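Subject: Structure handover

Hello,

My notes follow below it.

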Amino acid sequence: MVSEIQAFIESQLSSGSFSIVSFFFLALGGLLAGLLPCVYPLYPITAGILKSRVSKHKWSHPLVYYIGLASMYAVFGLIAGLSGGAFNSFLRYPETQVVLSILLFILGLSVAEFLYFPFFSGDLRNPANVSYANTFFLGVGAGLLSSPCVGPVVVSILVQLITYQTEGIRIVPILFTALKMFVFGLGLGIPFLLIGVFGFALPKSGKWMKSVQWVLSLLILYFSYTYLEKAFALWGLDSGLSAKVFLIWTLALTFLYLQKKEGLPCERMKLSLLQLGAYTSLLVLVLLLQSAIFKFQPSQGESGAGLNSVPAEIHGNLEWHRSKEEVYRIAKEIGKPIFIDFYADWCTNCKEFQKLTLSHKDWNETFKNKAVLWKVYDTDPIFEEFANNPNYPELKIGLPFFLILNTEGKMVYKSNDYLDTKGMIGAISKF
């Protein structure tokens, strides 16, 4: 049922019409995307941002924040139409993940009231002076931070815009699709609006509120760590190293903060952050100089890519080939289709699909007995060949992406939906 609903939503995106029904399902798709776990850290951030803004403006500031978030998705539509999805690809870089990790870390400290930024919190001494413009752009920022999590529905929108670009820039279709993305953003922002309006209906006095702030702060700091973990995975570094770096960095910041005895807590934390930032920058500079002399070990996607010594990866009872020549040779010999899983270490849904290939009985039996499996990492040279193929514009947007080819290499199926059991099994079973 979920796959059928998603297929209907995508058909509405690619159609030239816009009805009340399509409006409803686009907004519903946004609402469902807003319930994904990777969006969760934005909820306490929203609560912290709007805390001082709703006391005298119960509806106005949350509504402005909500419109700002939805507007970001309309901007995504315009940018995608002019850049071919390059901006979305930028969000996948490990350096981007580090920036998001630092931003969430700072916001976590702000929620715990170790830092005070008027832009994020407004004037706590006079809430009436908070700016609607700031609230709007904070909503825009929430839309930006949630963009890597919005899933296959937005991918289908961006793919549509890339198609327009290959035909030349056409303003009206791009604006029309940007409107669809705005509607999707309205659905995505519903939880944010509800948090802003009703999130502070409880009494504000008492020690319990301080405890809640600490819990929310710790939650945001945890998600800050998850972004750092993604960055380390993209760099091909051990996952345990990210935890050690995050812990050492946090302990160093705590030590620097406790060493400062004078001044307000916010001022002490700002000075500690600046000092630690200087030390970290120096360390990064040393590492960069070393990397100019010594090469880092290749990531999982690079290790064995195209090497005869590592012809395949074994996951459970499934064998995933890593060589194009080997895949085509086997497919022709046994007359079975080629199933390609485009994979990346930063892609959460890619990892979920890998688990499902073993736990889902029908999928496991189909992949084991009826197809030749090929895993292509985003770091493999062959990945760029597929990404530059106009038949697969989805790869310019993001992952996961799945492709089924016949023995001659012609496409018989493609999808970015890792839950499309019916479509994948049906395409393979035709052989």
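First, a term: buried means under 20% relative accessible area, exposed means over 50%, and partly exposed lies in between (1.4 Å probe, protein chains only).

This is a predicted model, where local features need pLDDT of at least 70, side-chain atom pairs count only at pLDDT 80 or more, and totals for chains, interfaces and linings use all residues. Residues are numbered from 1 along each chain as its sequence is written, and side-chain values use heavy atoms, with hydrogens and water left out.

Confidence: pLDDT (the predictor's confidence in each residue, from 0 to 100) averages 76 over the chain. 70% of the residues score at least 70.

Salt bridges: the structure holds six. The term means a side-chain nitrogen of Lys or Arg within 4 Å of a carboxyl oxygen of Asp or Glu.

Arg-329 bridges Glu-326, with closest N and O atoms 2.5 Å apart. These two sit three residues apart, so about one helical turn separates them. Glu-326 is partly exposed at 27%, as is Arg-329 at 38%. Arg-329 also bridges Glu-333, at 2.9 Å. Glu-333 is exposed at 56%.

Another pair is Arg-322 and Asp-380, at 2.7 Å, N to O. The two residues are 58 apart in the chain. Both are buried. Glu-313 joins them in a network of salt bridges.

Best regards

Key:
Helices (H or I, at least four residues) and strands (E, at least two) are DSSP runs, numbered from the N terminus.
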